[in-house]
Amino acid sequence: QLQLVESGGGLVQSGGSLRLSCVVSRSSMDGYMIAWFRQAPGKEREGVSCISQNDGGRFYADPVDGRFLISRDTYKNTVYLQMNRLKPEDAGIYYCAADEWLACQATVKNQLHRPPRYWGQGTQVTVSS
């Protein structure tokens, strides 16, 4: 069983930055893709960014590419999402998710045939204009 705990959400002005953290309760994140999803009110959940379980490759959804950066600290079993130049449309609940089998490319393109197996509780991001 894998547990994920997000933190770092909050209120920020448009153009500002936030860093989200996802702590993974396992001795190693090896073998798991770790992804960030978000869901805004009235909208479907969408993949934002992902680190591949295979080679640590990083993937981004088009709306955030060039503004967000995903990284991981294997010693702390933590995955980060650095969000820069935030826009009001970036607001929503951000979730950390993990899965042994799903592919990152499909994750950020919202082409998964099933949701990831493990989820965190989410952290709220609010961007004021």
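This report describes the disulfides of a predicted model.

## Basis

This is a predicted model in which local features need pLDDT of at least 70, side-chain atom pairs count only at pLDDT 80 or more, and totals for chains, interfaces and linings use all residues. Residues are numbered from 1 along each chain as its sequence is written, and side-chain values use heavy atoms, with hydrogens and water left out.

## Overview

The structure holds 2 disulfides. A disulfide here is a pair of cysteine sulfur atoms within 2.5 Å. With bonded cysteines counted along the chain, the pattern is 1-3, 2-4.

Helices (H or I, at least four residues) and strands (E, at least two) are DSSP runs, numbered from the N terminus. Buried means under 20% relative accessible area, exposed over 50%, and partly exposed in between (1.4 Å probe, protein chains only).

## C22 and C96

C22 is joined to C96, with an S to S distance of 2.0 Å. C22 sits in strand 3 (residues 18-24) and C96 in strand 9 (residues 92-99), so this pair ties together parts that are 74 residues apart in sequence.

The torsion about the S-S bond is about -75 degrees, so the disulfide is left-handed. C22 is buried at 0% relative accessible area. C96 is buried too, at 0%.

## C50 and C104

C50 pairs with C104, and their S to S distance is 1.9 Å. C50 belongs to strand 5 (residues 46-51) and C104 to helix 1 (residues 104-108), so the link ties together parts that are 54 residues apart in sequence.

This link is left-handed, with -65 degrees about the S-S bond. C50 has 0% relative accessibility and counts as buried. C104 counts as buried at 3%.
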